[in-house]
Structures are given as C-alpha cells and as structure tokens.
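Please keep the structure open while reading.

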Protein chains: 2
Amino acid sequence: MASLTQVLDADLDAIEVGSGILGTGGGGNPYIGKLRCREELRKGRRIDVIPLAELDDDALVVSLGGIGAPVVGVEKIEQGEECLRALRALEQELGHKIDATISSEIGGANSMEPMLTAAQAGIPVVDGDGMGRAFPEMQMCTWSIYGHQSFPSAMADEKGNIVIFRQTASEVWLERLARSCVVTMGAAAGIALAPMRGSFIKQFAIPDTLTQAWSLGKAVFEAQAENRDPIAAILEHEDGRLLMTAKIVDLKRHLKGGFAVGEVKLEGFGNFAGETGLIDLQNEFLVFRRNGEMEICVPDLIVVLDSDTGLPITTEVLRYGQRVAILALPCHDLLRSEQALEVIGPAAFGYPDLTYSPLPRTSEREAAQ
Amino acid sequence: MASLTQVLDADLDAIEVGSGILGTGGGGNPYIGKLRCREELRKGRRIDVIPLAELDDDALVVSLGGIGAPVVGVEKIEQGEECLRALRALEQELGHKIDATISSEIGGANSMEPMLTAAQAGIPVVDGDGMGRAFPEMQMCTWSIYGHQSFPSAMADEKGNIVIFRQTASEVWLERLARSCVVTMGAAAGIALAPMRGSFIKQFAIPDTLTQAWSLGKAVFEAQAENRDPIAAILEHEDGRLLMTAKIVDLKRHLKGGFAVGEVKLEGFGNFAGETGLIDLQNEFLVFRRNGEMEICVPDLIVVLDSDTGLPITTEVLRYGQRVAILALPCHDLLRSEQALEVIGPAAFGYPDLTYSPLPRTSEREAAQ
C-alpha cells in the first residue's frame with residue numbers, strides 16, 4: 001500500500017473512519033480534531049507525514065495528544081491549541097526544539113491531535129503510534145512498555161494552566177498524576193510526553209499506522225461507493241475475523257474513576273442466530289465471550305460496527321437494540337511480547353484468570369493447515 | 001518582646017505549642033516537623049531567623065510547606081526532604097538560588113517545614129508568615145490576597161515525583177491542581193511557591209509570627225511551671241478573650257473533598273454553666289455560636305484548648321466528653337481588609353449570611369469606653 005506523505009483535506013475523512021475502527025470503541029471521537037485539522041489546512045498550513053525509516057536517529061520526537069474522558073470531549077470542545085501549548089512548554093523545559101510529533105494512540109481522537117499540532121508548529125508527524133489501537137492509560141504505550149521514561153512531560157488546558165511533570169517515580173505515577181490534574185481541569189487537556197530519539201521510535205513505534213488508518217478508511221468508502229460489503233472490506237484490509245452479527249439486548253455502562261466501564265449483551269442473527277455474546281468494556285472493548293466462553297481479549301482488537309454502514313460505534317454511543325457486527329483484528333507483534341502483556345494483557349485489566357491467545361493472521365492460519 | 005534570631009533545640013517545644021495554638025484546630029500537628037528540625041540541629045546545621053526589616057528588598061523568598069490532609073500526616077510520616085526537593089526543583093525552574101524561606105501558615109505543622117528546609121539548604125527562615133494562623137487553602141495567604149501570582153511553583157513527594165505548576169490561570173487554579181496532585185500522591189507532599197521579593201514580603205507578610213509562636217509557647221510553659229493558669233497566660237499574650245469553658249457533648253466530623261468538616265456542640269461549665277456553644281469546622285475552627293447566635297468567625301482565631309493544661313486540641317483529635325476552653329484571638333489587620341475578607345471572610349467559607357465583626361483588641365476596647 002502507498003504511504004501517506006502529506007495529509008490533504010480529502011484524506012481527513014478516511015483517517016477519521018480508519019482511526020475510529022482502530023479505536024476499538026474508545027479513544028474518543030476524532031470528529032472535532034478532524035475539523036481543527038481541516039481549518040489549519042485551509043489557513044495554508046501543511047500536515048507532512050514522515051515515515052519511520054526517514055527519521056534521523058537523533059531526531060527528538062514527542063508523543064502527544066488529548067487526555068481526558070471521551071464522553072466529556074463530546075460536549076466540552078477543545079480550544080484547539082492545548083497540545084501546541086503543551087509542546088511549547090516541553091520545549092521550554094528542555095531548552096530544545098522538537099523535530100516531529102507522533103500519536104500515542106492511533107485509535108480515536110488522538111489520531112488527529114499530533115497532525116493538528118504538527119501543522120501548527122510547522123513540523124512533520126511520524127507515520128506510526130504507540131498502541132496501534134486505543135488503550136485507556138498512558139503507560140500502555142509501546143514506549144513506556146519498552147523502557148522509555150516519560151519525564152519531563154507537559155500538560156496544558158484551555159484556561160491557561162500549564163503543569164510540568166518533571167520527574168515521576170514510574171510511568172504509572174505519571175498516568176496517575178496527569179489523570180488527577182486532567183480531572184480537575186475539567187476532563188480535557190493536551191499532554192506532550194518526554195521526547196524520544198528517532199532511533200528508539202524506529203524500534204518501538206507501531207509502524208505506518210497513520211497510513212493504515214487512512215487506507216482502512218478509504219477501503220470502507222470504496223466498498224460503500226461500489227455497493228460492496230464494507231465489513232468484508234475491513235476484514236480483508238486488517239486480516240481480521242468476523243465474530244458475530246448481533247443485536248444489543250442489554251447494556252450496562254457507568255463512569256468509574258473517570259473511565260466508562262460496563263458490558264454489552266448480544267444476541268446473534270444471520271449466520272450467528274442462536275448464539276449469545278458478551279463484551280466487557282473499559283473505555284475500549286476488552287473481552288469478547290461467545291455463549292459464555294472467552295474467545296478474544298486484549299491486546300487484540302475487538303471492534304463494534306454498525307452492521308449496515310460498517311462505521312465504528314464507540315462505547316459512549318452504544319445503545320439498546322443496535323444491530324452490530326463484532327470483528328476481531330490481530331494486534332501488532334510489539335503488543336504480544338511477554339513484557340507487553342504484563343501491561344496490556346487481560347490480567348492488567350483485572351482478569352487474572354484469562355489467558356491471552358493471539359488471534360492468528362491469515363499467513364499463520366495457512367501455515368498451520 | 002525579644003526577637004528570635006536563631007532557633008535552638010530548646011526553642012522548638014515552645015514553637016510547637018505556640019504554633020499549635022495559632023493553628024485554630026488545623027494546620028496539622030507540628031510534632032513530626034519538630035523532631036526533623038531537632039535532627040538537623042543535632043547534625044550541626046543551623047536555623048537562622050531573619051526579621052522582615054533585615055531582608056534585602058531584592059531577596060528571593062519562597063513560601064513553602066507541607067500540603068495534604070492533616071489527619072493523614074499523623075500516620076504517613078514525611079520522609080523529611082519533600083520541601084527541600086520542591087525548593088531545588090523551583091530553583092532549577094527559575095535558574096536562580098533562593099535566599100530565604102518563609103512559612104505560608106504559622107499555625108500548625110507548617111511552622112516547622114520552612115525552618116527544616118532552611119536548615120537543610122543553609123539559608124535563613126523569615127520571621128513572619130502568610131496567615132498568622134492556619135487556613136485550609138493556599139490562595140488564603142496574604143501574598144495571594146495582595147496580588148502575588150504563585151507560578152511557577154514546585155511540588156515533590158517522598159516517592160520521587162516532582163510536579164511544576166508552570167502557569168496557573170489563578171491562585172485558586174493552583175490550589176485546585178496542587179490539591180488533586182497531592183491527593184494522588186497519598187495526601188502528603190511538599191510545595192514551594194513562586195518566589196517573592198523582599199520588598200513585597202516586608203509589606204504583605206504577617207510580621208514576627210515565628211517569634212510570636214515561640215514566645216506564646218514559652219508563656220504557656222512558664223505558667224505551667226509556676227502553677228499559674230496557662231489559659232490566662234495565652235489570653236494575655238495574644239490579647240484574646242475567653243469565650244467559654246465547656247464539655248463537648250456532640251461531635252460530627254467527616255472528610256469531604258480532602259477536608260475535615262463538621263461541628264462541635266458544647267455545654268458550658270463554671271462561669272458558663274447553662275450556656276450552649278456550637279463550633280463549625282473545616283480543617284480549622286470557622287464559626288463560634290453562643291446559644292445559637294454567631295459571636296466569632298473567620299478570620300479571627302477560634303482556639304480550643306484542654307481546659308486543664310492549656311494545650312491546643314486539633315480538629316482531628318476532638319472527642320466526645322472532652323473538657324475544653326474556647327478562646328477568641330484577634331487576627332492581624334492584613335486579614336481584615338475588604339480585599340482579604342473576600343478570600344477568608346465567612347462568605348468565602350460558605351456563610352454568605354454571616355457578617356464578620358472584628359474582635360476588638362484591648363486598646364480598641366479601652367478607646368471605646
């Protein structure tokens with residue numbers, strides 16, 4: 001697939017849909033961020049995308065994005081320069097200019113923020129991210145998993161508050177402190193994490209995920225335009241598996257510690273008539289059970305789509321009676337190591353008894369036959 | 001009264017008792033801080049006290065102290081260098097050395113912290129503070145009331161976390177953000193607020209309050225040693241008024257938003273037999289009512305003492321059946337201006353219908369006769 005080297009107005013819708021699918025129900029809605037990016041492009045700014053391979057080994061790359069509760073982002077619209085101010089505060093703290101931005105999570109709203117900030121700051125955005133999907137907490141990034149220490153980091157809100165986390169006892173402590181500040185700030189702020197060198201990023205970023213989101217969104221649009229099944233197009237693009245087509249027959253969802261947690265009960269239809277499904281969620285979809293048996297869990301992606309349009313449904317807009325398609329997509333190998341599973345495997349989300357069994361890719365399935 | 005120019009081991013007990021009385025039930029227990037100061041002195045370090053008048057107009061003075069919930073401080077003992085680390089982080093942020101420390105509140109534990117840090121850093125502590133008593137929130141300091149903007153400020157905990165509040169939208173925003181961090185840090189941390197110039201401090205610090213706390217404590221000890229009434233000694237020293245001797249007959253106290261709030265019901269004895277009293281508290285004692293009528297309120301000091309020993313009782317150790325003496329002490333004039341009452345008057349504590357009527361000092365009472 002062709003790499004994205006520059007994001008134009010016409011690409012933004014595809015990135016929105018692709019990143020929405022990769023959000024696995026969470027990550028916040030990229031819609032507002034898309035409009036902000038569009039505004040920057042119309043002002044004449046550029047969004048240049050730099051592939052990992054072209055990054056200088058010494059380049060200083062900052063992972064940045066919005067932090068807060070997705071459900072708040074729907075009503076409390078960002079001012080638009082939160083991440084830029086966080087980036088500037090970080091540059092001031094370091095006494096260095098930053099060379100490029102990168103997304104901490106490609107899934108959802110934080111696909112857009114690093115592009116927006118890159119356009120505003122006149123620097124490129126790296127084609128990659130720290131999750132290849134969305135996760136609820138910052139220490140769940142590949143950089144944190146593989147040894148990057150995210151201090152100093154800087155956080156800014158729309159009111160003029162700027163907080164620097166100069167030193168944090170661990171990545172989890174950064175997450176805790178940043179989370180308590182953002183709750184106080186009104187559950188929405190921008191955060192710029194301690195810079196990483198190009199050499200580190202090349203090794204530990206999930207590669208090409210901006211291109212992936214864009215190309216995935218385009219696949220959906222093309223299928224729609226050609227009256228093909230968009231769900232089949234997504235499965236083919238992502239090498240995924242259809243878990244179930246189903247109706248939502250019960251939904252429990254509440255806020256706990258700033259996160260949306262709950263479960264979705266499903267009744268299969270079509271080829272899946274007579275089956276039941278259950279999805280657990282914590283901002284993102286965590287675990288899928290068929291007829292009471294666990295089948296797919298984090299870090300593999302569980303995606304809920306509108307069964308007709310193929311468009312993603314996020315946890316905050318799930319509702320009773322929706323007809324949905326549930327997909328499983330394989331996560332990147334960087335998320336499947338023992339080191340990674342300690343942080344983003346089922347036990348880390350409160351399921352000590354579940355064992356992660358990686359969703360095989362087509363090549364692996366074929367090799368096994 | 002003689003000014004304190006250097007704090008020796010023998011002075012610490014008196015400062016502890018005096019600052020406890022000025023804490024009006026809050027401010028945390030100075031006991032642990034006293035032991036830390038003693039340890040520094042025994043290591044050969046000095047606690048030099050500099051009077052306001054001797055401060056250079058250009059000197060950089062930092063108000064610092066512990067922040068958190070007093071009730072936590074009883075069990076989660078400070079590591080001892082939290083404030084020093086906050087001071088060093090602030091110096092790094094500013095690129096300047098700090099010339100002296102000053103207490104944000106002389107009442108309670110934060111009488112000790114600036115002495116401890118001064119000894120550790122080899123700089124003097126200023127004879128004065130920002131409250132002349134204790135208050136629950138940072139924006140209630142005279143510096144904040146009279147226009148100082150407390151950013152950048154630095155906060156450190158015992159785990160190695162360091163947070164810089166580089167810019168805050170207002171003094172209240174600093175308080176909010178620092179409070180949410182300290183709750184996450186385990187309700188105890190050290191904070192060093194943006195430095196002030198000597199010229200500003202001379203105008204807006206409550207003067208000589210370290211000497212005042214020391215001399216007040218000595219007055220209590222001398223009365224005890226000479227079998228005189230320590231309560232009379234306190235009233236004379238502080239130009240205060242005995243409100244009631246009473247038994248605690250009911251006590252409501254709970255934690256709300258990190259603060260201890262509640263009320264104490266009193267039944268008078270001795271000269272006050274037949275009277276009832278009611279004290280409202282929020283970390284500190286806020287309002288005293290006699291037979292249902294408001295008589296004394298913030299910012300004047302309401303002090304609860306053990307009726308026999310004259311030693312102060314803080315809100316967290318109040319209990320049913322205690323026999324206490326309730327005193328009212330006049331606050332400093334810097335706390336009585338219209339500007340100050342907006343921040344620390346009864347309305348600011350949720351009593352819009354109460355009007356503050358300053359407790360007259362002896363000279364004022366005599367002039368009125």
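A:Asp239 sits in the loop between α10 (230-238) and β11 (241-256) of chain A. The model is predicted. A:Asp239 is not a glycine, yet its phi is positive, about 60°.

**Positive phi**
- A:Asp239 has 15 other C-beta atoms within 10 Å. A residue counts as buried at 20 or more and as exposed at 12 or fewer, so A:Asp239 is partly exposed.
- B:Thr24 also has a positive phi, about 45°, and is not a glycine.
- The loop that holds B:Thr24 runs between α1 (9-22) and α2 (31-42) of chain B.
- B:Thr24 has 32 C-beta neighbours inside 10 Å, so B:Thr24 counts as buried.

**Cis peptide bonds**
- The bond from A:Val298 to A:Pro299 is cis, with omega near 5°.
- A:Pro299 belongs to the loop between β15 (293-297) and β16 (301-306) of chain A.
- B:Phe151 and B:Pro152 are joined by a cis peptide bond, with omega about 0°.
- B:Pro152 is in the loop between α6 (142-145) and β6 (153-156) of chain B.

**Relation of the two chains**
- Chain A superposes on chain B by a rotation of 180°, with 0.1 Å of shift along the axis and an RMSD of 0.0 Å.
- The two copies are therefore related as by a two-fold rotation axis.
- In chain A, the C-alpha of A:Ile164 is the nearest to this axis, at 2.4 Å.
- Both copies use the same surface: 100% of the contact residues of chain A recur in chain B.

Key:
Residues numbered from 1 in each chain as written. Chains lettered and ligands numbered in written order. Predicted model: local features only at pLDDT ≥ 70, side-chain atom pairs only at ≥ 80, totals over all residues. Least-squares fit on C-alpha atoms with pLDDT ≥ 70 in both. Contact = placed C-beta atoms within 7 Å. Helix = DSSP H or I, 4+ residues; strand = E, 2+ residues; numbered from the N terminus.
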